[in-house]
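Work through the exercises below with the predicted model open beside the sequence. Each task is followed by a worked solution.

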Amino acid sequence: MKKLTHLPLITRLSKNVIRILGCNKGFMTLQGTNSYLVGTGNRRILIDTTEKKNANDYIKLLHRVLEEEKATIEHLLITHWHFDHLGAVNSVLNMLKTINTEIKSTVWKFSRTPNDKNSRNMENLFEWKQLRDKQIIEVEGAKLDVEYTPGHATDHASFMMEDEKILFSGDCILGEGTAVFEDLNAYIATLKKMLMMKPKVIYPGHGPIIENPENIINFYIENRLKRENDILNILEQNAKNNTLSELDIVNHLYTVMIIFSLYLYLLEYKMCNRKFDVFRKFHQRI
């Protein structure tokens, strides 16, 4: 596995955006969930939180930033229902009550679609208002355009700061690696929509910022379309006389990829003549 880029727990990305990591580093979450404090006044926007189990550490960081900025949170925007993004919503709301009792914070998110098969209902643990596509949420120093961007999840939202052309992409696009998705057609449509937005920079849900958005979005599209073609080829080659399950397709697809990757790393080892365990290196990098 490729070594992740180091990210500080707190980073001022611009005059009106501060990134606060969720303290939940992991295989799926990379350096941790990126939450973003947006705006310049005493009422700010917070995009996403972290997991419930990491809430205490995260709240300490968020509270420190709010104290330094002499600010509170008016709008809490949730990109989607996954636990590493909304798990600490109640902890954030409870903390805000201790620092400012005059401003009521509003939680916003899209609803999941009726055909969403996942049975988890974590968004029912707190009150929230329904986002609308193209809705504008504004505080001093920042205006965000709400964009409905399903594919990774049926309720996924992204947020565009039009003046600076900054796109908060949630988990549609990651700072390192590629994202998983629930619905390929919806996901490809979302990526094409993001391409049409022409962002100058992307602040992702995980990983470092992306300063070449067009190249990365095009790579995501090409990568997913190639994978779709790979699956179709496997079906054409193997399904005539056999019934293939989803697991069969995965095994066919990734067995070929792993064998090819092993060949490349063995070749690299031979060319470089390095004195280490090539199989350990291979395991770490796939």
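**Exercise 1.** Find the ring that lies under the charged end of K109, then find the ring that lies under the charged end of R112.

*Solution.* Start at K109: its charged end sits over the ring of W128, 4.6 Å from the ring centre. Then go to R112, whose charged end sits over the ring of W81. Here the distance to the ring centre is 4.2 Å.

**Exercise 2.** Classify the aromatic pair formed by Y36 and F168, and locate its two members in the chain.

*Solution.* Step one is the count: the whole structure contains 6 aromatic pairs. Step two is the geometry of the pair formed by Y36 and F168, with 5.2 Å from centre to centre and 65 degrees between the planes. Planes over 60 degrees apart count as edge-to-face, so this pair is edge-to-face. Step three is location: Y36 belongs to strand β3 (residues 34–38) and F168 to strand β11 (residues 166–170). The two residues are 132 residues apart, and the pair links distant parts of the chain.

Step four is burial, for which the cut-off is under 20% relative accessible area. Y36 has 2%, so Y36 is buried. F168 has 1%, so F168 is buried too.

**Exercise 3.** Decide whether the rings of F181 and Y187 are stacked or edge-to-face, and whether each residue is buried or partly exposed.

*Solution.* The ring centres of F181 and Y187 are 5.4 Å apart. Their planes meet at 10 degrees, so the pair is stacked. For accessibility, take each residue in turn. F181 has a relative accessibility of 31% and is therefore partly exposed. Y187 has a relative accessible area of 0% and is therefore buried.

Key: Residues numbered from 1 in each chain as written. Predicted model: local features only at pLDDT ≥ 70, side-chain atom pairs only at ≥ 80, totals over all residues. Heavy atoms only, no water. Phe/Tyr/Trp six-rings, centres within 6.5 Å; stacked < 30°, edge-to-face > 60°. Helix = DSSP H or I, 4+ residues; strand = E, 2+ residues; numbered from the N terminus. Buried < 20%, exposed > 50% of the residue type's maximum accessible area, 1.4 Å probe, protein only. Lys NZ or Arg CZ within 6 Å of the ring centre and 35° of its normal.
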